[in-house]
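Student: I would like to learn how to read the contacts between chains. Where do we start?

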Amino acid sequence: MTRKLIENINPHEITIATLCSHTSLQIFHGARIEGFKTLGITVGKPPRFYDAYPGAKPDEFLVLENHKELLQHAEELREKNTIIVPHGSLVEYMGAVNYLNLEVPVFGNRRVLEWESDRKKSRQWLESAGIPMPEEITDPADIASPVIVKYYGAKGGKGFFIAKDHSDFEKQVDSTQPYTIQRFVHGTRYYFHYFYSPITSKGYTLSKGSLEMLGIDKRIESNVDEIFRAHGTLIEPTFVVTGNMPLVIRESLLPEVFEMGERVVEKSIEMFGGMTGPFCLETVLTDKLEFKVFEISARIVAGTNLFPAGSPYTEYTGHNISMGRRIALEIKRAVELNKLEEVLS
Amino acid sequence: MTRKLIENINPHEITIATLCSHTSLQIFHGARIEGFKTLGITVGKPPRFYDAYPGAKPDEFLVLENHKELLQHAEELREKNTIIVPHGSLVEYMGAVNYLNLEVPVFGNRRVLEWESDRKKSRQWLESAGIPMPEEITDPADIASPVIVKYYGAKGGKGFFIAKDHSDFEKQVDSTQPYTIQRFVHGTRYYFHYFYSPITSKGYTLSKGSLEMLGIDKRIESNVDEIFRAHGTLIEPTFVVTGNMPLVIRESLLPEVFEMGERVVEKSIEMFGGMTGPFCLETVLTDKLEFKVFEISARIVAGTNLFPAGSPYTEYTGHNISMGRRIALEIKRAVELNKLEEVLS
Amino acid sequence: MTRKLIENINPHEITIATLCSHTSLQIFHGARIEGFKTLGITVGKPPRFYDAYPGAKPDEFLVLENHKELLQHAEELREKNTIIVPHGSLVEYMGAVNYLNLEVPVFGNRRVLEWESDRKKSRQWLESAGIPMPEEITDPADIASPVIVKYYGAKGGKGFFIAKDHSDFEKQVDSTQPYTIQRFVHGTRYYFHYFYSPITSKGYTLSKGSLEMLGIDKRIESNVDEIFRAHGTLIEPTFVVTGNMPLVIRESLLPEVFEMGERVVEKSIEMFGGMTGPFCLETVLTDKLEFKVFEISARIVAGTNLFPAGSPYTEYTGHNISMGRRIALEIKRAVELNKLEEVLS
C-alpha cells in the first residue's frame with residue numbers, strides 16, 4: 001500500500017497535517033516556515049487558541065465528528081497531497097489499528113507503533129539494543145523494595161502508583177487491568193529529544209543516515225512533582241503529565257546519550273526497517289551517573305514544545321529550530337533528494 | 001480626572017516610567033526598542049545594576065526620598081508626557097490610595113486594583129466569571145483536611161502557612177491579622193501571562209479587543225520549594241517568593257487556559273470597565289487535569305522576567321517579545337490609532 | 001614565566017583550546033564565532049557528539065593518552081598560539097599542580113585556584129569580602145541542628161551527606177577523609193554566572209574593570225532533587241550533579257547580587273591579583289531573603305550550558321551571547337587593546 005501512496009504525492013503541492021493538539025503549534029509553525037501548506041484535523045469546532053498564535057495557525061481545518069472518521073477522508077487528504085505528522089494524541093485517539101490502516105502517507109515508519117506501544121515488545125527492543133532499563137518484576141510476591149506499577153496503555157501516567165512492598169502493592173493494584181512492575185529507580189529524570197534522519201549523510205552518522213539530539217526536558221507530573229509542598233499531609237502520589245520544564249545535562253554524559261540513541265536506531269533498522277524522525281528516551285539518571293531508560297516514545301514528544309525557536313542544543317546544530325520544523329525540513333530535503341519514500345510510510 | 005490627564009499627553013513625546021524594581025528591566029528595554037523615552041523612579045540612589053544592562057537602563061532617573069513623594073512630582077511627570085507602567089512593587093510601596101490618586105496617566109485600568117487587592121472581592125469577580133477556585137473555609141472549626149492560610153495584604157507569600165487540621169491551625173494562626181483559609185489543592189502550579197488589548201481586532205477576539213497568552217512560569221518559594229532536600233529534618237514550610245522558572249503546559253489544555261482568561265476579562269468589562277494589558281492567573285493543575293485558580297494579578301508579574309526576548313509561546317504570535325515590550329507596543333499602537341484613552345487611566 | 005608566554009603569542013593567529021567536556025561546546029562555538037581557531041583536547045578518541053553539533057566542533061583535536069600528558073605538548077600548543085580556557089573538568093583531571101605548571105597561556109588568573117580549591121582558604125577569602133556564608137561547625141559534638149557534610153576535593157557533590165544531629169553524623173561520616181561541616185540552610189538555590197573584565201571601563205565598574213551577571217541556574221543533584229517522588233520510601237539523599245535548570249531571581253535582589261560579586265572581585269584583586277573572567281557564587285536564598293553563599297567557582301560553570309544563545313539577563317547587556325563566547329570576546333578585545341597580559345596567566 002504505502003509505496004503507491006507515496007508515489008502519488010505531488011512533491012510541489014504537499015500539505016502537512018496533524019491533529020489539533022499535543023505539538024500541533026510547532027508542527028504547523030515549522031511546516032509553514034519551510035513552505036508547506038498546513039491542515040489542522042479537529043473533532044468539533046477548531047480550537048480558537050490558534051487565533052492568538054497566527055504563526056502556527058493551519059491554513060485550513062478538516063472538521064470531524066470523531067477521530068475515527070478520519071479514515072473516511074483519506075481520499076480527500078490524498079488529493080491534497082497530505083502528509084500526516086503523527087503525535088501521541090493522534091495515535092491514541094484514532095486507535096492503533098485505524099492509524100495503521102489510514103490510507104494517507106504518514107511521516108516516519110508506522111511499524112514502530114507495534115514495538116513501542118506494547119511494554120513487552122518495547123523492552124525486548126531496548127534490551128536487545130543494550131539499553132539499561134529498570135528491572136522488571138514479574139511476580140508481585142518478589143516486591144521487596146519500592147516499585148512503580150504501570151498499567152498497559154495508560155495514557156499520560158494515569159493510574160501509575162508506587163508500592164513499597166508486596167502488601168502495599170496488593171492494597172493498591174487493580175488486578176482487572178494488565179500492568180508491569182518496575183523497580184523504582186532513585187535519581188533525576190531527563191527526556192532526550194532525538195531525531196533520526198535516514199537521508200542525511202553528514203553529522204553523527206549511523207550505519208545509514210544520521211542522529212541528532214535537539215533538546216532535553218523533564219515532564220511535570222501531578223501531583224507527585226509538588227507533593228512535598230503539602231508538608232506533613234499524607235496523600236498518595238499520582239503521575240498525570242501536565243507539562244514540561246527545560247534542562248541541560250552534564251556535557252560529559254553526551255557520548256552516552258548519543259550511544260543510547262544510536263543503539264536504539266540501529267536495532268530498529270534491524271528489527272522493523274528503522275524509526276525515522278523524532279523519538280525520545282525517557283530516563284532516570286542515578287547518583288552513580290547511570291541511566292535507566294524507563295520508556296521510549298517513537299514520535300514527537302510534548303517536551304519539545306519548550307523549544308519553538310531552538311533549544312540549548314540546537315544552537316550548535318546549524319539549524320536552530322523546533323522539532324516540528326525539523327520534521328518539515330526533513331520532508332523538504334526528501335523532496336529535493338527524491339527520497340520521500342525513505343521518510344514516509 | 002483621567003480623561004483630562006490623557007488628553008494633555010503629547011503623543012509624540014511620551015516617556016515611559018516605572019519604579020526601579022520588579023520588572024523594570026524589561027519595561028525600560030521594551031519601551032526603548034519601541035521608541036519611547038524612559039524614566040526610572042527610585043528611592044535613594046539609582047540602582048547600579050542598570051550599568052551592567054545598558055539596554056535596559058532608563059534615560060533618566062527621578063530620585064525620591066520615599067515612595068509617597070511621587071505624588072508631589074505629578075506635574076513634572078505630566079510635563080514629560082509620562083505614562084507610568086505599574087507593577088506589583090510600585091503599587092505596594094506607594095500604597096493603594098496614593099496610587100489611585102496619582103495625577104499621572106497610568107497604563108491599564110486603575111480601578112482593577114480595588115477588585116484585585118481585596119481577597120473577598122477578587123473571589124467574587126473570579127467566581128462570578130465561572131473560574132474554578134480552591135474552596136474557601138470560613139469557620140476554622142471546619143478544617144478537616146489540609147488548608148493554606150493567607151493573611152490579607154501579605155506580600156510575596158510572607159506568613160502563609162499550611163494547617164493539617166483545626167488544632168494545627170490554632171497553633172499557627174496569628175489572630176490579630178485578617179486572613180483567608182483555602183483548601184490546599186494538590187497538583188502542579190502554572191502561572192499564565194495574559195495580555196488583553198482593548199484596541200486590537202485581530203487574534204483571539206473578545207466582545208471587545210483581543211486576548212493573548214504570552215508565557216508560563218512557576219514561582220519559586222522559599223523554603224517550601226526545596227524543603228524536601230532537608231531530608232528527615234522537620235521544619236515548617238514558608239512561601240516567600242524568590243524567583244521563577246519557565247514551563248510549558250499540555251497543548252490540549254490551551255483551550256481552557258484561553259477560556260479562563262476570556263471569562264475574567266469579559267467579567268471585568270462588565271464590572272469595572274475592563275482590565276487592560278497584562279494579567280496573570282495563578283493556578284494549580286490537579287491530577288484530574290482540573291485548574292484551581294488561587295489568585296489573580298491584574299498587572300505585569302515577575303514571572304515574565306524569564307522571557308525578555310520571547311517565550312515558547314510568543315514565537316507563534318507574530319511579536320516575539322517580552323511583556324514589557326508588549327506594553328510599549330500597545331501604547332505605540334494606541335497612539336497610532338488615537339486611542340490612548342482606551343489603554344490608560 | 002607567564003609574561004614571557006604571553007608576549008610570545010601572535011595575536012593574529014590565536015587558537016582557543018579546552019578539554020572536550022564540561023562546557024566545551026559553548027567555548028568552541030563562541031571562539032569560532034569571534035574568529036578564533038579552535039582545538040579540542042581529548043583523552044582517547046575525540047567524542048563523536050561534536051559531529052551532531054558542527055557549530056561547536058573544534059577545528060582540530062589533540063589526542064592524549066592521559067590528561068597529564070598535556071604537559072608534554074606545551075611547546076606544540078605554544079607554537080599554535082594557544083590560549084587554554086580552563087573549566088572544572090580540565091583542572092580536576094590534570095591535577096592542580098600540573099595545571100599551575102602548564103607552560104601554555106591560560107585564560108584568567110591561575111592563582112585563584114589555590115584560594116578556591118581549599119575550603120578553608122575560600123572561606124577566608126569570601127568572609128573577608130563580607131560574603132554571608134553558612135556557619136561552619138568545627139567540632140562535630142556541636143551539631144545540634146541539621147548540617148551538610150562535604151569532603152575536601154569531592155567532585156560534583158559526591159559523598160556529601162546531611163546529618164540531623166551528632167549521632168547521625170557519627171553514623172555516616174568517613175573519618176579517613178578530611179571534611180567540613182556547614183549548618184544546613186533552608187531556602188532555594190541560585191547559582192549566579194558572573195563575568196569580571198579587568199579591561200572594560202564601561203558598565204558596572206569596579207576599582208578596575210567591570211562586572212557582569214550573565215545568567216542564573218540551579219544545579220540538579222541526584223538523587224536529592226527527586227527524592228520526594230519516592231514517596232514513603234526511606235532512602236538517603238545524595239548530591240551528585242547531573243545537570244542544570246534555568247531560573248530568574250526577584251529583580252529587587254539584583255543590587256545585592258552585584259554587590260556580592262563586586263566584593264569578591266575587589267578582595268581577589270587585593271589578595272592575589274584578581275579573578276579574571278567567569279565565576280559563580282553558589283547560594284541559598286532563605287525565606288528572610290538573605291543569601292548564604294556555600295561555594296565559589298572561579299571559572300566557567302556548567303550551568304552556563306543552558307544559555308548558548310543568551311539568557312534572560314544577557315538580552316539587556318548589549319552582547320546577547322553565551323559565557324563561552326563572552327570569554328572569546330574578552331580575548332578579542334584584549335588583542336585589540338594590546339592587553340592580553342591582563343586577561344591571561
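**Reading the interfaces**

Tutor: Chain C and chain B bury about 3,800 Å² between them, and 60% of that lies on carbon and sulfur atoms. Buried area is the accessible area (1.4 Å probe) that two parts lose on being put together, summed over both. C:Glu251, C:Asp287 and C:Tyr316 supply 23% of the area that chain C buries against chain B, more than any other three residues. This is a predicted model: local features need pLDDT of at least 70, side-chain atom pairs count only at pLDDT 80 or more, and totals for chains, interfaces and linings use all residues. Residues are numbered from 1 along each chain as its sequence is written, chains are lettered from A and ligands numbered from 1 in the order in which they are written, and side-chain values use heavy atoms, with hydrogens and water left out.

Student: How many residues does the contact take from chain C and from chain B?

Tutor: Contact means heavy atoms within 4.5 Å. Chain C gives 44 residues and chain B gives 43 residues.

Student: How many salt bridges does the rule find across the interface of chain C and chain B?

Tutor: A salt bridge is a side-chain nitrogen of Lys or Arg within 4 Å of a carboxyl oxygen of Asp or Glu. The rule finds five across this interface. One of them joins the side chains of C:Lys218 and B:Glu226 (3.0 Å, N to O).

Student: Which strand of chain B is joined to β12(C)?

Tutor: Strands (E, at least two residues) and helices (H or I, at least four residues) are DSSP runs, numbered from the N terminus. Two strands pair if DSSP finds at least two bridges between them. Here β11 (residues 239-246) of chain B meets β12(C) through two bridges, running antiparallel. B:Asn244 stands opposite C:Val248.

Student: What is the area buried between chain A and chain B?

Tutor: About 3,800 Å², with 61% from carbon and sulfur atoms. A:Tyr53, A:Arg229 and A:His231 supply 20% of the area that chain A buries against chain B, more than any other three residues. A:Arg229 also forms a salt bridge with B:Asp225 (2.9 Å, N to O). β11(A) pairs with β12 (residues 248-249) of chain B, antiparallel, over two bridges. There, A:Gly243 stands opposite B:Ile249.

Student: How many aromatic pairs does the structure hold?

Tutor: A pair of aromatic rings is described by the distance of the centres and the angle of the planes. Rings of Phe, Tyr and Trp (its six-membered ring) pair if their centres lie within 6.5 Å; planes under 30 degrees apart count as stacked, over 60 as edge-to-face and the rest as tilted. The structure holds 57 pairs over all chains. Among them, C:Phe107 and C:Phe195 are stacked, 6.5 Å centre to centre with 25° between the planes.
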